[in-house]
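Subject: Structure handover

Hello,

Here is the structure for you to look over. My notes follow below it.

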Amino acid sequence: MVCLSHTSSVVHKKMILQMIMWVSWLMMLLLLWPVEAARPDVKPDCQEKCGNVSVPYPFGIGERSCAMNKHFFLNCSSNDELWFGRNMPVHNISQLEGTVTLGIDAAFKCYNKAGIQTESFPQSMTLGSGPFMFSHLRNIFTAIGCDTFARVSNYEFTYGAACLSLCTKYENMSDENPCSGSGCCQSSIPKGLKSLDISLSSVYNYTNVSDFNLCGFAFLVDKNSLKISDWPLFREPKYGNDAYATDVVIEWVVKNETCEQAKANPSAYACGANANCTYPESGQGYRCLCNEGFEGNPYLQEGCQGKLVIAFWYDFQ
């Protein structure tokens with residue numbers, strides 16, 4: 001016959017109670033997790049994805065009523081490709097960051113060894129008069145080549161920049177080497193640009209470097225996705241679906257007005273419950289953000305929900 005002391009019995013009960021509490025806590029997390037994951041990001045009965053790209057509100061596809069307005073209505077083609085205007089496929093939409101990532105073909109100009117131009121493609125792109133602009137923080141204008149003079153301006157000719165890339169021997173375009181003017185050059189862009197016109201020319205028509213470089217390329221590109229090693233100096237252009245394209249980041253606001261102006265008209269105010277007006281880095285227009293302690297889509301009326309907090313207090317004394 002084994003006798004348990006009072007102290008051992010209390011310790012044993014504590015261990016059992018502690019185990020029950022941990023099991024209960026895990027079961028509550030498992031039960032609540034699907035609810036968190038099911039939080040909607042689109043209006044009711046609206047399509048959430050086009051192919052592999054999520055389309056959060058204020059954007060919409062399928063029915064025009066699924067978007068906040070005509071500016072945010074995108075074309076999802078029959079083969080599940082999402083398009084932003086003409087010839088600009090959408091790769092990603094971030095509701096939190098207020099960005100859209102597009103694929104845009106690079107401009108180029110090529111010559112033969114005799115210095116005669118053989119191919120040319122100047123690139124022009126416009127975002128229209130809506131709430132979109134090229135991100136000055138994420139994008140950088142870049143040119144590749146050993147005899148390449150690249151220019152970029154907007155349609156209104158209120159902005160213009162150029163860079164010259166030269167070299168006399170083949171440069172190994174590695175990601176560790178900075179884009180410093182030898183085989184590659186770069187220039188920043190200002191805030192608020194809505195259109196870009198990119199063109200190229202050459203000083204010697206590549207005759208001095210024709211053994212290893214006959215083409216120059218120029219493009220706007222997301223700094224985070226640019227890999228200089230993907231642009232070797234011997235590269236020649238391609239066309240159609242095989243054309244060389246870069247990721248370009250577009251910023252968006254819901255409307256080009258101040259928070260004070262927006263709140264003065266409640267029927268047109270874009271921010272839902274538990275959300276507030278905020279300004280983007282560009283300083284143009286406003287976006288919405290869930291209040292502290294809430295998360296979700298601030299553009300949906302009930303999109304911002306309280307964060308799940310589970311707390312237990314118990315005393316085994």
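Is E97 exposed, partly exposed or buried, going by its relative accessibility? The model is predicted, and in it E97 has 46% relative accessibility, so E97 counts as partly exposed.

Salt bridges

A search of the whole structure gives four salt bridges. Three of the residues involved, E97, R138 and D222, are linked in a network.

Start with E97. E97 pairs with R138, and their closest N and O atoms are 3.7 Å apart. This pair links distant parts of the chain. E97 sits in the loop between β5 and β6. R138 sits in the loop between β10 (132–134) and β11 (139–144). The two are 41 residues apart.

R138 also forms a salt bridge with D222, where the closest N and O atoms are 3.0 Å apart. Here, too, distant parts of the chain are linked: D222 is in strand β16, 84 residues from R138.

Why does D222 count as buried? Its relative accessible area is 5%, and buried means under 20%. R138 has a relative accessible area of 23%, so R138 is partly exposed.

Another salt bridge is made by the side chains of D211 and K113, at 3.8 Å from N to O. D211 lies in the loop between β15 (195–201) and β16 (215–222). K113 lies in the loop between β7 (107–111) and β8 (117–121). The pair therefore ties together parts that are 98 residues apart in sequence. D211 counts as exposed, because its relative accessibility is 70%. K113 is exposed as well, with a relative accessible area of 55%.

Nonpolar cores

Nonpolar side chains tend to be buried together in soluble globular proteins. In this model, the largest nonpolar core has 53 residues. F59, L82, F134 and Y286 have the most contacts inside that core.

What does L82 touch, leaving aside its neighbours within four places in sequence? Its contacts include C50, V53, V55, I61 and L74.

Another core lies apart from the largest one. This other core has 21 residues, including F212, C215, F219 and I228.

Pockets

About 740 Å³ of space lies in the largest pocket. Its lining has 30 residues, and W83, R86, N87, M88 and P89 lie nearest the centre.

The largest share, four residues, comes from β9. By class, the lining of the largest pocket has 15 nonpolar, 12 polar and three charged residues.

The second largest pocket has a volume of about 190 Å³. It is lined by 14 residues, and Y57, M68, Y269, A270 and Y299 are the closest to its centre. The lining of the second largest pocket divides into 10 nonpolar, three polar and one charged.

Best regards

How values were computed. Residues numbered from 1 in each chain as written. Predicted model: local features only at pLDDT ≥ 70, side-chain atom pairs only at ≥ 80, totals over all residues. Heavy atoms only, no water. Core = buried A, V, L, I, M, F, W, Y, C linked by side-chain atoms within 4.5 Å. Buried < 20%, exposed > 50% of the residue type's maximum accessible area, 1.4 Å probe, protein only. Contact = heavy atoms within 4.5 Å. 1 Å grid on protein atoms, 1.4 Å probe; cavity = no way out; pocket = protein on both sides within 12 Å on 5 of 7 lines; lining within 4 Å. Points joined across faces, edges and corners; volume = space filled by probe spheres on them. Nonpolar A, V, L, I, M, F, W, Y, C, P; charged D, E, K, R; others polar.
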